[in-house]
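Here are a few friendly notes to read alongside the model. Please keep the structure open as you go through the points.

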Amino acid sequence: MELSIILSFLAASILLTVAPGPDNLFVIAQSMSYGFRAGFITSLGLCTGLIGHTLIASLGLSAILYQSTVIFTAIKSVGAIYLLYLAWESYKEGKSAVSGKIANVKSLSLFSLYKRGILMNLLNPKVSLFFLAFLPQFVSTNSGHVQLDMFVLGLIFIVQALVLFSLFSALAGKIKILFQSKKTVSAIHYGKSILFAVLGGKLLFTKI
């Protein structure tokens, strides 16, 4: 694979990652609620989920997902329900903050945050379809190892996403430190609840 192609892919990936979307908003929301470490662990979870989507795309299984309305609908429905569940949990966290029981990382555990990131990503079939449409644009069908090239590009995307998500987490974590009052913490949780509800609703009504 030529260096120019890799650099072009990297530039496009960075622009797509920086653009507001479910994943980076999710990372920022977790960081604003629980601090940098929580955001970073969530980022690791999201990027672990991306490994699954990379494998699916490189093996051509995304095409099956694209052609099967039943499978697509089933996965997106589970994903939407999970996001609505997170919205409800965030709402309860907001109520707890008002009463003085401000949540922290220990209340969820790092593994729970990591798992949230994985599920958030894997249960969004749009990501698999995105990879199916995006990765082949930078792969030559004459290379003789298309699947390997797509997998390598997927890994490059994951690495840059983890770096940028970590930066988002650090910035959001710093902002969190400035707002420690009960009302502010509660507002952050309520805002996160609305965000998850909107993302869940949007995913639920997504079509292939």
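1. Helix 3 (residues 36-58) packs against helix 7 (residues 110-122) at an angle of about 40 degrees, and their axes lie 7 Å apart. The axes are lines fitted to C-alpha atoms over the stretch in contact, with angles running from 0 to 180 degrees between N-to-C directions. Helices are DSSP runs of H or I with at least four residues, numbered from the N terminus.

2. The pair is therefore oblique (roughly parallel is under 35 degrees, roughly antiparallel over 145, roughly perpendicular 65 to 115, and oblique the rest). Among the residues making the contact are Ile 41, Gly 45 and Gly 49 of helix 3 and Leu 113, Gly 117 and Asn 121 of helix 7; contact means heavy atoms within 4.5 Å.

3. A word on the source. This is a predicted model, where local features need pLDDT of at least 70 and side-chain atom pairs pLDDT 80 or more, while totals for chains, interfaces and linings use all residues. Residues are numbered from 1 along each chain as its sequence is written, and side-chain values use heavy atoms, leaving out hydrogens and water.

4. Overall, the chain has 10 helices and zero strands. Of its 208 residues, 45% count as buried (under 20% relative accessible area, 1.4 Å probe, protein chains only).

5. Which residues have the most contacts inside the largest nonpolar core? They are Phe 9, Leu 50, Leu 83, Phe 131, Leu 135 and Phe 165, in a core of 32 residues. Helix 9 supplies the largest share, eight residues. Such a core joins buried Ala, Val, Leu, Ile, Met, Phe, Trp, Tyr and Cys through side-chain atoms within 4.5 Å.

How values were computed. Helices (H or I, at least four residues) and strands (E, at least two) are DSSP runs, numbered from the N terminus. Buried means under 20% relative accessible area, exposed over 50%, partly exposed in between (1.4 Å probe, protein chains only).
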